[in-house]
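Here are a few friendly notes to read alongside the model. Please keep the structure open as you go through the points.

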Amino acid sequence: MKRSLLTLVMFAALPACALAGSACAADQKPNVILVLTDDQGYGDLSCTGNDVLQTPNMDQLYGESARLTDFHVNSVCSPSRAAILTGQYASRVGVWHTLGGREVVRPDAVMMPQLFADNGYRTLMVGKWHLGDNFPFRPEDRGFHEVYRIGGGSIGQLPDYWGNGLWDTHYWNGKGWEPSTGFCTDTQFDAALRFVERNKEVPFYIYLSTTALHSPVGAPEDDLTKYDRQSKEVQSFYAMASNLDTNLGRLRGTLADLSLEDNTLLIFLSDNGSACDKKGTAGAFNAGMRGKKGSLYEGGHRVPCFIHWPGGDISGGFNVNTLTAHIDLLPTLIEACDLDVAQETRFDGRSLLPLLASEPVSWIDRTLVTESKVNNRSRPFDSSAVMSGSWRLVNNGKELYNVAADPGQENDLADEHVDRVVRLRRQYEDWYRSIANGFEKVARIVIGDQQENPVRLTCMDVYPMDEKSDGKAVWNQKGVLTAQRYRGLWKLEAAASGTYEVSLRRWPGESGLAFQDVPKKGQPVVYTEARLNVGKGEVVLPIDMSSSHATFTIQIEKGQLDLDAQLIDAQGQVVSAYYVEITRVR
């Protein structure tokens with residue numbers, strides 16, 4: 001692999017005091033709070049030029065922080081989160097989509113929360129995880145002492161509590177679903193503030209990954225009235241951003257009141273470009289960039305990123321204009337917090353402390369790659385953008401733009417700079433070869449382990465029956481209500497041989513619904529059979545519509561297996577069960 005594309009750093013032993021911003025300057029290691037907002041683009045703050053949106057607390061943080069002005073993530077959620085938390089490209093650790101088993105970080109990847117826990121930090125995850133809802137991929141399995149999160153990738157997805165909404169949201173606390181009272185962003189920050197109060201005497205790490213500004217979008221009435229002259233879509237989105245801003249102010253105020261602000265390293269960023277006005281018909285501000293969430297043009301993956309740490313001499317407000325990315329955050333925190341890394345680990349990112357020092361040192365430019373959802377991993381250049389300095393190679397490696405001169409990416413320069421296109425394509429091909437040997441690896445959900453027994457599976461995590469399968473996995477509770485159909489397999493690993501009960505459901509257990517029940521806006525379906533196959537031949541049961549589940553009792557041997565669990569309706573149509581509960585009983 002060429003070093004011009006990737007800098008692979010091994011942190012076996014780090015010279016922690018080599019630069020300003022290291023933990024050696026303080027008696028106690030710094031606290032770390034990483035605030036990751038959802039679907040907030042570079043233009044969704046007033047400090048970056050939006051003259052409609054009111055974000056005074058974000059603006060204040062902007063004025064007091066190191067501002068990474070050319071900072072990039074993936075253009076969709078799960079891949080960005082995987083890269084942030086591993087310091088590696090998401091595709092290298094198995095994540096290149098948001099469902100279908102390809103939103104799960106492989107179990108052998110070293111993750112940020114585990115490193116902090118291993119170094120004596122108390123750790124908390126709040127909000128959205130979207131990197132696996134089953135053992136061993138849950139946040140509570142990856143180093144978090146406490147969790148307070150939704151299921152799946154947004155409120156109301158299949159792994160989430162049935163019927164969850166923006167108000168009075170239920171959160172998974174590691175043992176069960178816990179009800180809350182109030183607006184979701186408020187209750188998520190409440191959980192973080194309670195954790196700060198309880199752990200103010202010890203180093204702590206908080207991954208505050210808000211569900212805002214992802215759909216469903218809404219806000220309290222006081223925030224909505226600020227934007228009553230905007231379209232309904234923009235009004236709801238901006239109001240939610242204002243509420244988020246208020247909560248950021250609450251967080252910073254609590255840190256100041258507890259005299260923790262100086263020794264708290266606070267990072268604020270988003271996971272991808274804006275989801276507001278994606279069709280471009282409502283006039284929402286996008287900082288002059290082309291593309292929004294999901295796009296490989298600049299607006300899809302260039303996001304705000306502010307780093308504030310007064311005790312580490314990172315404050316006062318200054319721009320860092322160098323090309324940087326999500327993969328750099330973990331190496332930066334390892335150096336800043338003087339973390340020991342027991343396992344020899346190769347990171348794709350590099351520490352940004354040299355750029356954040358009061359007197360920045362030399363920096364070797366890199367070529368970086370970002371991706372959107374990749375539907376066919378065997379096709380190079382599929383859903384990718386290659387970045388080097390101000391140059392961007394996009395659209396399957398065919399279009400070339402210089403965003404310094406053309407921030408809106410309107411003038412394709414590929415024909416004028418053929419040599420640069422060839423060079424960037426070759427660098428991408430080197431990168432692709434470096435990750436391709438992991439494409440066939442599968443992150444299997446473990447059943448029969450005491451860490452999670454029973455296991456609740458959802459059809460959001462089924463792998464397609466084959467590469468040519470039409471449609472996509474059912475991912476939203478609305479898909480269950482409307483009886484959306486999809487077929488796939490769950491990739492599992494049994495931790496122990498034994499007797500297992502496997503229950504197939506349309507509705508999750510907490511709903512209290514039977515097959516025959518039809519909630520509001522639901523589509524009635526008469527199911528006649530349940531079919532199950534774990535590689536030993538198909539087993540069939542008749543479905544009692546007055547029951548909530550059809551349960552098989554079978555023997556499963558320790559090891560890997562593919563689960564095919566089907567519901568068949570009166571017309572003979574087949575669908576993967578929306579929910580499957582697996583319990584090892586002996």
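**Notes on the predicted model**

1. Strands β15 and β16 (residues 384-388) run antiparallel and are joined by five bridges. Strands count as paired if DSSP finds at least two bridges between them, and the elements are DSSP runs numbered from the N terminus, with helices (H or I) of at least four residues and strands (E) of at least two. Within this pair, Leu 368 sits opposite Met 387 of β16.

2. A word on the ground rules: this is a predicted model, in which local features need pLDDT of at least 70 and side-chain atom pairs count only at pLDDT 80 or more, while totals for chains, interfaces and linings use all residues. Residues are numbered from 1 along each chain as its sequence is written, and side-chain values use heavy atoms, with hydrogens and water left out.

3. Zooming out, the open sheet has four strands in the order β15-β16-β17-β18, with antiparallel pairing. Because β15 (367-371) and β18 (399-402) are at the edges with a single partner strand each, one side of each lacks a neighbour in the sheet. From one strand to the next, the twist averages 20°.

4. What lies across β15, β16, β17 (391-394) and β18? Helix α10 (residues 418-436) does, running at about 70° to β15. Axes here are lines fitted to C-alpha atoms, for helices over the stretch in contact (heavy atoms within 4.5 Å), and angles run from 0 to 180 degrees between N-to-C directions.

5. Buried means under 20% relative accessible area, exposed over 50% and partly exposed in between (1.4 Å probe, protein chains only). Phe 204, Ile 206 and Leu 208 point one way from β9, Tyr 205, Tyr 207 and Ser 209 point the other way, and all are buried.

6. Which strands pair with β9? Strand β2 (residues 31-37) runs parallel to β9 and is joined to it by five bridges, with Val 32 opposite Tyr 205. Strand β5 (residues 122-127) also pairs with β9 in the parallel sense, over six bridges, and Met 125 has Tyr 207 as its bridge partner.

7. Leaving aside neighbours within four places in sequence, its contacts include Leu 45, Leu 244, Phe 268 and Phe 306. The C-alpha atoms of Met 58 and Thr 370 are separated by 26 Å, with the two residues 312 apart along the chain.
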